[in-house]
Amino acid sequence: MKHAHNQHESAPSRRPRLIGLVGLLALLVAGCSGSGPQTALNPEGPIGRTIDELWELVFILATIVFVIVQIALFYTIVRYRARKGDDSEPVQVHGNTRVEIAWTIIPVFILAAIAFPTVRGIFEVRAIPEGEDVLQVQVTGHQWWWEFEYVDLTDETGRTLVTANELYIPADTEVNLTMTSADVIHSFWVPVLAGKRDVVPNRVSNLTLIADNPTPPDAPHPGQCAEYCGLAHADMRFKVHVRSQADFDSWVDDQLTPAELPTEGAAAAGYETFANLCVTCHNSTVSGPDGIEDIGPVRTIEVDGVTFTSSLGPNLTHFGGRATFGSGTFENNREHLAQWLANPADLKPNLWELNDTEAGRILGMPNFNLSDDDINNLIALLEGWD
Ligand code: CUA
(Lines give C-alpha, C1' and ligand atoms only; values in the text may rest on other atoms or scores of the structure.)
Protein backbone atom coordinates (compact mmCIF):
# COMPACT_ATOMS: atom_id res chain seq x y z
CA MET A 1 0.00 0.00 0.00
CA LYS A 2 2.71 2.35 1.00
CA HIS A 3 4.69 1.71 -2.17
CA ALA A 4 1.66 2.16 -4.34
CA HIS A 5 0.96 5.46 -2.64
CA ASN A 6 4.50 6.72 -3.22
CA GLN A 7 4.42 5.73 -6.85
CA HIS A 8 1.23 7.61 -7.46
CA GLU A 9 2.36 10.75 -5.68
CA SER A 10 1.83 13.44 -8.26
CA ALA A 11 3.82 16.61 -8.81
CA PRO A 12 1.20 19.01 -7.36
CA SER A 13 1.22 17.14 -4.01
CA ARG A 14 4.96 17.71 -3.77
CA ARG A 15 4.61 21.45 -4.24
CA PRO A 16 3.40 22.25 -0.68
CA ARG A 17 6.39 20.28 0.61
CA LEU A 18 8.73 22.32 -1.56
CA ILE A 19 7.11 25.55 -0.41
CA GLY A 20 7.49 24.36 3.18
CA LEU A 21 11.15 23.58 2.60
CA VAL A 22 11.83 26.97 1.03
CA GLY A 23 9.99 28.61 3.94
CA LEU A 24 12.11 26.72 6.45
CA LEU A 25 15.27 27.72 4.61
CA ALA A 26 14.14 31.36 4.60
CA LEU A 27 13.55 31.18 8.36
CA LEU A 28 16.96 29.61 8.85
CA VAL A 29 18.68 32.31 6.84
CA ALA A 30 16.65 35.03 8.61
CA GLY A 31 18.11 33.66 11.85
CA CYS A 32 21.50 34.89 10.61
CA SER A 33 20.38 38.46 10.02
CA GLY A 34 21.80 39.60 13.36
CA SER A 35 19.09 42.24 13.71
CA GLY A 36 17.01 40.44 16.38
CA PRO A 37 17.19 41.83 19.91
CA GLN A 38 18.71 38.63 21.27
CA THR A 39 21.51 38.42 18.72
CA ALA A 40 25.01 37.52 19.85
CA LEU A 41 26.43 39.01 16.64
CA ASN A 42 26.28 42.66 17.71
CA PRO A 43 28.24 42.47 20.97
CA GLU A 44 28.09 45.40 23.39
CA GLY A 45 31.08 44.50 25.54
CA PRO A 46 34.59 43.00 25.40
CA ILE A 47 33.55 39.47 26.44
CA GLY A 48 30.76 39.35 23.89
CA ARG A 49 33.28 40.60 21.31
CA THR A 50 35.78 37.84 22.13
CA ILE A 51 33.08 35.24 21.48
CA ASP A 52 31.84 37.00 18.35
CA GLU A 53 35.35 37.34 16.88
CA LEU A 54 36.02 33.66 17.47
CA TRP A 55 32.76 32.78 15.76
CA GLU A 56 33.70 35.01 12.81
CA LEU A 57 37.14 33.41 12.47
CA VAL A 58 35.70 29.88 12.45
CA PHE A 59 32.94 30.95 10.06
CA ILE A 60 35.42 32.47 7.58
CA LEU A 61 37.77 29.47 7.67
CA ALA A 62 34.87 27.02 7.32
CA THR A 63 33.50 29.03 4.39
CA ILE A 64 36.87 28.97 2.58
CA VAL A 65 37.18 25.20 3.08
CA PHE A 66 33.57 24.68 1.95
CA VAL A 67 34.02 26.73 -1.24
CA ILE A 68 37.31 25.01 -2.21
CA VAL A 69 35.88 21.53 -1.59
CA GLN A 70 32.71 22.32 -3.58
CA ILE A 71 34.72 23.70 -6.53
CA ALA A 72 36.92 20.59 -6.59
CA LEU A 73 33.84 18.38 -6.33
CA PHE A 74 31.98 20.06 -9.19
CA TYR A 75 35.08 20.15 -11.36
CA THR A 76 35.54 16.40 -10.85
CA ILE A 77 31.88 15.63 -11.51
CA VAL A 78 31.83 17.61 -14.76
CA ARG A 79 35.31 16.79 -16.03
CA TYR A 80 35.08 13.01 -15.45
CA ARG A 81 31.38 12.45 -16.09
CA ALA A 82 30.29 9.44 -18.21
CA ARG A 83 29.94 10.45 -21.85
CA LYS A 84 27.89 8.74 -24.55
CA GLY A 85 29.97 6.25 -26.52
CA ASP A 86 32.91 6.52 -24.13
CA ASP A 87 33.08 3.57 -21.72
CA SER A 88 36.67 4.17 -20.62
CA GLU A 89 37.38 4.88 -16.94
CA PRO A 90 39.53 7.87 -16.05
CA VAL A 91 43.03 7.08 -14.82
CA GLN A 92 42.81 5.58 -11.28
CA VAL A 93 45.33 7.01 -8.82
CA HIS A 94 46.30 5.29 -5.58
CA GLY A 95 48.71 6.99 -3.21
CA ASN A 96 50.22 10.35 -4.03
CA THR A 97 52.68 11.35 -1.35
CA ARG A 98 52.61 15.06 -2.18
CA VAL A 99 48.83 15.29 -2.12
CA GLU A 100 48.60 13.27 1.09
CA ILE A 101 51.17 15.42 2.87
CA ALA A 102 49.31 18.53 1.71
CA TRP A 103 45.92 17.39 2.96
CA THR A 104 47.41 16.45 6.32
CA ILE A 105 49.41 19.61 6.88
CA ILE A 106 46.78 22.12 5.73
CA PRO A 107 44.11 20.90 8.23
CA VAL A 108 46.75 20.96 11.00
CA PHE A 109 47.34 24.65 10.31
CA ILE A 110 43.61 25.37 10.07
CA LEU A 111 42.88 23.59 13.37
CA ALA A 112 45.80 25.37 15.05
CA ALA A 113 44.48 28.71 13.79
CA ILE A 114 41.16 27.86 15.47
CA ALA A 115 42.56 26.21 18.62
CA PHE A 116 44.87 29.01 19.82
CA PRO A 117 42.30 31.82 19.86
CA THR A 118 39.67 29.39 21.22
CA VAL A 119 41.77 28.40 24.23
CA ARG A 120 42.77 32.03 24.83
CA GLY A 121 39.08 33.02 24.57
CA ILE A 122 37.98 30.32 27.02
CA PHE A 123 40.47 31.59 29.62
CA GLU A 124 39.38 35.19 29.05
CA VAL A 125 35.67 34.41 29.30
CA ARG A 126 36.01 32.15 32.35
CA ALA A 127 38.35 34.38 34.39
CA ILE A 128 36.70 35.62 37.60
CA PRO A 129 37.58 39.31 38.01
CA GLU A 130 38.97 40.37 41.37
CA GLY A 131 39.61 43.63 43.15
CA GLU A 132 37.90 46.58 44.78
CA ASP A 133 36.44 47.90 41.54
CA VAL A 134 34.57 44.72 40.67
CA LEU A 135 30.81 44.90 41.26
CA GLN A 136 29.70 41.72 43.03
CA VAL A 137 26.19 40.50 42.33
CA GLN A 138 24.71 37.22 43.56
CA VAL A 139 22.12 35.67 41.31
CA THR A 140 19.51 33.12 42.36
CA GLY A 141 17.55 31.41 39.59
CA HIS A 142 13.98 30.45 40.46
CA GLN A 143 11.20 28.76 38.51
CA TRP A 144 10.54 31.23 36.79
CA TRP A 145 12.30 34.45 37.68
CA TRP A 146 15.68 35.90 38.65
CA GLU A 147 16.76 37.35 41.97
CA PHE A 148 19.74 39.73 42.26
CA GLU A 149 21.54 40.69 45.44
CA TYR A 150 24.28 43.33 45.43
CA VAL A 151 26.18 41.90 48.37
CA ASP A 152 28.56 44.86 48.82
CA LEU A 153 25.90 47.57 48.55
CA THR A 154 24.22 48.14 51.90
CA ASP A 155 22.31 50.90 53.64
CA GLU A 156 23.27 52.20 57.09
CA THR A 157 21.35 49.36 58.76
CA GLY A 158 23.32 46.73 56.85
CA ARG A 159 20.49 45.70 54.53
CA THR A 160 21.81 44.64 51.13
CA LEU A 161 20.30 45.75 47.84
CA VAL A 162 17.97 43.00 46.56
CA THR A 163 15.99 43.26 43.35
CA ALA A 164 14.42 41.00 40.77
CA ASN A 165 14.49 40.51 37.02
CA GLU A 166 16.07 43.88 36.19
CA LEU A 167 19.82 43.97 36.70
CA TYR A 168 21.46 47.40 36.80
CA ILE A 169 25.20 47.64 36.16
CA PRO A 170 27.56 50.55 35.57
CA ALA A 171 29.14 50.85 32.10
CA ASP A 172 32.75 49.89 31.55
CA THR A 173 32.94 48.01 34.87
CA GLU A 174 33.68 44.38 35.59
CA VAL A 175 30.65 42.71 37.14
CA ASN A 176 31.14 39.32 38.76
CA LEU A 177 27.95 37.29 38.97
CA THR A 178 28.00 34.50 41.57
CA MET A 179 25.08 32.28 40.72
CA THR A 180 23.07 29.36 42.02
CA SER A 181 19.57 27.96 41.62
CA ALA A 182 16.82 27.50 44.20
CA ASP A 183 15.27 24.62 42.29
CA VAL A 184 16.25 23.22 38.88
CA ILE A 185 19.01 23.98 36.36
CA HIS A 186 18.67 27.35 34.63
CA SER A 187 21.12 29.18 32.38
CA PHE A 188 21.91 32.89 32.56
CA TRP A 189 22.31 34.49 29.17
CA VAL A 190 22.67 38.10 28.02
CA PRO A 191 23.40 37.54 24.31
CA VAL A 192 25.04 40.93 23.63
CA LEU A 193 27.30 40.81 26.70
CA ALA A 194 28.47 37.25 27.29
CA GLY A 195 27.93 33.57 26.66
CA LYS A 196 25.53 31.33 28.54
CA ARG A 197 26.41 29.97 31.95
CA ASP A 198 24.45 27.24 33.67
CA VAL A 199 22.85 28.09 37.01
CA VAL A 200 22.79 24.84 38.95
CA PRO A 201 21.21 23.95 42.32
CA ASN A 202 23.76 23.14 45.06
CA ARG A 203 26.54 24.60 42.94
CA VAL A 204 28.06 28.01 42.46
CA SER A 205 28.93 29.24 38.99
CA ASN A 206 30.39 32.57 37.91
CA LEU A 207 29.91 34.80 34.92
CA THR A 208 31.56 38.12 34.11
CA LEU A 209 29.61 40.94 32.47
CA ILE A 210 31.24 44.06 31.07
CA ALA A 211 29.15 46.54 29.06
CA ASP A 212 30.67 49.28 26.88
CA ASN A 213 27.97 51.94 27.07
CA PRO A 214 24.86 52.93 29.00
CA THR A 215 21.60 51.65 27.51
CA PRO A 216 18.68 53.98 26.75
CA PRO A 217 16.05 53.78 29.54
CA ASP A 218 13.57 52.08 27.22
CA ALA A 219 16.06 49.70 25.59
CA PRO A 220 17.90 47.61 28.18
CA HIS A 221 19.82 44.55 27.02
CA PRO A 222 17.49 41.52 26.92
CA GLY A 223 18.40 38.42 28.90
CA GLN A 224 16.88 34.98 28.82
CA CYS A 225 17.04 31.70 30.69
CA ALA A 226 18.75 29.40 28.20
CA GLU A 227 18.19 26.01 29.82
CA TYR A 228 14.77 24.41 29.64
CA CYS A 229 13.43 24.56 33.19
CA GLY A 230 9.75 23.75 32.91
CA LEU A 231 6.47 25.38 32.01
CA ALA A 232 7.40 29.08 31.94
CA HIS A 233 11.01 28.69 30.76
CA ALA A 234 10.38 30.87 27.70
CA ASP A 235 9.09 33.66 29.98
CA MET A 236 12.03 33.44 32.37
CA ARG A 237 13.53 36.60 30.98
CA PHE A 238 15.29 39.58 32.49
CA LYS A 239 16.74 42.96 31.54
CA VAL A 240 20.19 44.42 31.97
CA HIS A 241 20.15 48.20 32.36
CA VAL A 242 23.58 49.74 31.85
CA ARG A 243 24.11 53.17 33.46
CA SER A 244 26.90 55.70 33.80
CA GLN A 245 28.61 55.37 37.18
CA ALA A 246 26.80 58.49 38.47
CA ASP A 247 23.37 57.23 37.33
CA PHE A 248 24.12 53.81 38.75
CA ASP A 249 25.05 55.33 42.12
CA SER A 250 21.80 57.27 42.27
CA TRP A 251 19.86 54.12 41.33
CA VAL A 252 21.57 52.35 44.23
CA ASP A 253 20.59 55.18 46.61
CA ASP A 254 16.98 54.91 45.44
CA GLN A 255 16.93 51.13 45.83
CA LEU A 256 18.35 51.31 49.35
CA THR A 257 15.63 53.74 50.39
CA PRO A 258 12.67 51.88 51.94
CA ALA A 259 9.22 52.13 50.42
CA GLU A 260 6.95 54.67 52.07
CA LEU A 261 4.07 53.21 54.07
CA PRO A 262 0.97 54.91 52.60
CA THR A 263 -1.34 56.49 55.15
CA GLU A 264 -4.42 57.38 53.11
CA GLY A 265 -6.40 56.72 49.95
CA ALA A 266 -6.31 53.76 47.59
CA ALA A 267 -2.66 53.00 48.31
CA ALA A 268 -3.33 52.67 52.03
CA ALA A 269 -6.26 50.33 51.32
CA GLY A 270 -3.97 48.43 48.95
CA TYR A 271 -1.39 48.05 51.69
CA GLU A 272 -3.96 46.28 53.89
CA THR A 273 -4.45 43.63 51.20
CA PHE A 274 -0.70 43.56 50.67
CA ALA A 275 0.05 42.98 54.35
CA ASN A 276 -2.58 40.23 54.60
CA LEU A 277 -1.91 38.39 51.38
CA CYS A 278 1.11 39.34 49.30
CA VAL A 279 3.62 39.14 52.16
CA THR A 280 3.19 35.36 52.24
CA CYS A 281 5.72 35.28 49.40
CA HIS A 282 6.91 38.81 48.60
CA ASN A 283 9.45 40.79 50.61
CA SER A 284 9.54 44.55 50.97
CA THR A 285 11.37 47.03 53.12
CA VAL A 286 8.98 49.73 54.29
CA SER A 287 9.34 52.86 56.32
CA GLY A 288 6.42 53.76 58.58
CA PRO A 289 5.59 55.08 62.05
CA ASP A 290 7.48 52.17 63.62
CA GLY A 291 10.61 52.94 61.62
CA ILE A 292 12.09 50.79 58.91
CA GLU A 293 11.00 47.17 58.78
CA ASP A 294 11.24 44.19 56.48
CA ILE A 295 7.96 42.50 55.71
CA GLY A 296 7.60 39.12 54.09
CA PRO A 297 9.61 35.94 54.62
CA VAL A 298 13.40 36.29 54.50
CA ARG A 299 14.91 33.12 53.13
CA THR A 300 18.44 32.22 52.22
CA ILE A 301 20.21 29.13 50.93
CA GLU A 302 23.78 28.14 51.63
CA VAL A 303 25.78 26.76 48.72
CA ASP A 304 29.51 26.04 48.90
CA GLY A 305 29.88 28.46 51.82
CA VAL A 306 28.09 31.28 49.96
CA THR A 307 24.81 32.57 51.39
CA PHE A 308 22.30 33.41 48.67
CA THR A 309 19.06 35.30 49.14
CA SER A 310 16.37 32.90 48.00
CA SER A 311 13.00 34.57 48.36
CA LEU A 312 9.67 32.94 47.59
CA GLY A 313 8.71 35.74 45.22
CA PRO A 314 10.32 38.88 43.80
CA ASN A 315 11.11 41.69 46.25
CA LEU A 316 8.55 44.45 45.65
CA THR A 317 10.11 47.41 47.51
CA HIS A 318 10.71 49.27 44.24
CA PHE A 319 8.31 47.44 41.95
CA GLY A 320 6.85 50.68 40.55
CA GLY A 321 10.26 51.72 39.24
CA ARG A 322 10.71 48.60 37.13
CA ALA A 323 10.13 48.80 33.40
CA THR A 324 8.81 45.25 33.26
CA PHE A 325 7.35 42.54 35.47
CA GLY A 326 6.54 38.84 35.21
CA SER A 327 10.28 38.08 34.85
CA GLY A 328 11.07 40.78 32.31
CA THR A 329 8.18 39.71 30.07
CA PHE A 330 5.48 42.38 30.39
CA GLU A 331 5.69 46.13 30.26
CA ASN A 332 4.92 47.42 33.74
CA ASN A 333 1.69 49.34 33.21
CA ARG A 334 -1.80 49.50 34.77
CA GLU A 335 -3.41 47.34 32.13
CA HIS A 336 -0.94 44.45 32.45
CA LEU A 337 -0.90 44.75 36.21
CA ALA A 338 -4.71 44.56 36.40
CA GLN A 339 -4.65 41.44 34.21
CA TRP A 340 -1.92 39.92 36.35
CA LEU A 341 -3.67 40.56 39.65
CA ALA A 342 -6.97 39.22 38.25
CA ASN A 343 -5.28 35.95 37.26
CA PRO A 344 -1.49 35.73 36.93
CA ALA A 345 -1.60 32.48 34.95
CA ASP A 346 -3.56 34.27 32.21
CA LEU A 347 -0.47 36.34 31.42
CA LYS A 348 2.30 33.91 32.24
CA PRO A 349 1.77 30.15 32.64
CA ASN A 350 2.47 28.80 36.12
CA LEU A 351 1.92 25.78 38.38
CA TRP A 352 0.74 27.46 41.57
CA GLU A 353 -1.23 24.31 42.49
CA LEU A 354 2.12 22.76 43.42
CA ASN A 355 3.15 25.62 45.73
CA ASP A 356 4.41 24.63 49.16
CA THR A 357 5.35 27.72 51.15
CA GLU A 358 6.79 25.69 54.03
CA ALA A 359 9.10 23.76 51.74
CA GLY A 360 10.02 26.97 49.93
CA ARG A 361 8.63 25.77 46.63
CA ILE A 362 6.67 28.41 44.76
CA LEU A 363 5.82 27.79 41.12
CA GLY A 364 3.77 30.87 40.46
CA MET A 365 1.23 33.27 41.90
CA PRO A 366 -2.29 31.90 42.42
CA ASN A 367 -5.49 33.58 41.38
CA PHE A 368 -6.68 35.15 44.63
CA ASN A 369 -10.07 36.18 43.21
CA LEU A 370 -9.36 39.79 44.09
CA SER A 371 -12.16 42.27 43.61
CA ASP A 372 -11.76 45.16 41.18
CA ASP A 373 -11.36 47.46 44.18
CA ASP A 374 -8.61 45.27 45.64
CA ILE A 375 -6.86 45.27 42.28
CA ASN A 376 -7.06 49.04 41.84
CA ASN A 377 -5.85 49.63 45.40
CA LEU A 378 -2.90 47.25 44.98
CA ILE A 379 -1.95 48.97 41.73
CA ALA A 380 -2.06 52.35 43.50
CA LEU A 381 0.24 50.96 46.19
CA LEU A 382 2.73 49.35 43.81
CA GLU A 383 2.87 52.32 41.44
CA GLY A 384 3.80 54.50 44.41
CA TRP A 385 6.66 52.16 45.32
CA ASP A 386 9.00 53.32 42.57
CU1 CUA B 1 15.00 28.86 33.83
CU2 CUA B 1 14.74 28.03 31.66
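**Helix packing**

Tutor: Helix 3 and helix 4 are roughly antiparallel to each other. This is a predicted model. The angle between helix 3 (residues 46-79) and helix 4 (residues 97-126) is about 165°, and their axes lie 10 Å apart. Angles over 145 degrees count as roughly antiparallel, so this pair falls in that class. The crossing of helix 3 and helix 4 is left-handed. Helix 3 contributes Pro46, Ile47, Thr50, Ile51, Leu54, Leu57, Val58, Leu61 and Val65 to the contact. Facing them in helix 4 are Ile110, Ala113, Ile114, Pro117, Thr118, Gly121, Glu124 and Val125. By class, this contact of helix 3 with helix 4 has 13 nonpolar, 3 polar and 1 charged residues.

Now turn to helix 9 (residues 372-384), which packs with helix 6 (residues 265-276) at an angle of about 105°. Their axes are 7 Å apart. Helix 6 and helix 9 are therefore roughly perpendicular to each other. On the helix 6 side, the contact uses Ala266, Ala267, Ala269, Gly270, Tyr271, Thr273 and Phe274. Helix 9 meets them with Asp374, Asn377, Leu378, Ala380, Leu381 and Leu382. The residues of this contact of helix 6 with helix 9 divide into 9 nonpolar, 3 polar and 1 charged.

Helix 9 also crosses helix 7 (residues 334-342), at roughly 125°. The axes of helix 7 and helix 9 come within 10 Å. Helix 7 and helix 9 are therefore oblique to each other. Their crossing is right-handed. Arg334, Leu337, Ala338, Leu341 and Ala342 of helix 7 make the contact with Ile375, Leu378, Ile379 and Glu383 of helix 9. By class, there are 7 nonpolar, no polar and 2 charged residues in this contact of helix 7 with helix 9.

Methods
Residues are numbered from 1 along each chain as its sequence is written. This is a predicted model: local features need pLDDT of at least 70, side-chain atom pairs count only at pLDDT 80 or more; totals for chains, interfaces and linings use all residues. Side-chain values use heavy atoms; hydrogens and water are left out. Axes are lines fitted to C-alpha atoms, for helices over the stretch in contact, and angles run from 0 to 180 degrees between N-to-C directions. Helices (H or I, at least four residues) and strands (E, at least two) are DSSP runs, numbered from the N terminus. Angles under 35 degrees count as roughly parallel, over 145 as roughly antiparallel, 65 to 115 as roughly perpendicular and the rest as oblique. A crossing is left-handed if the near helix is turned anticlockwise from the far one by less than a right angle, and right-handed if clockwise. Contact means heavy atoms within 4.5 Å. Ala, Val, Leu, Ile, Met, Phe, Trp, Tyr, Cys and Pro count as nonpolar, Asp, Glu, Lys and Arg as charged, and the others, Gly among them, as polar.
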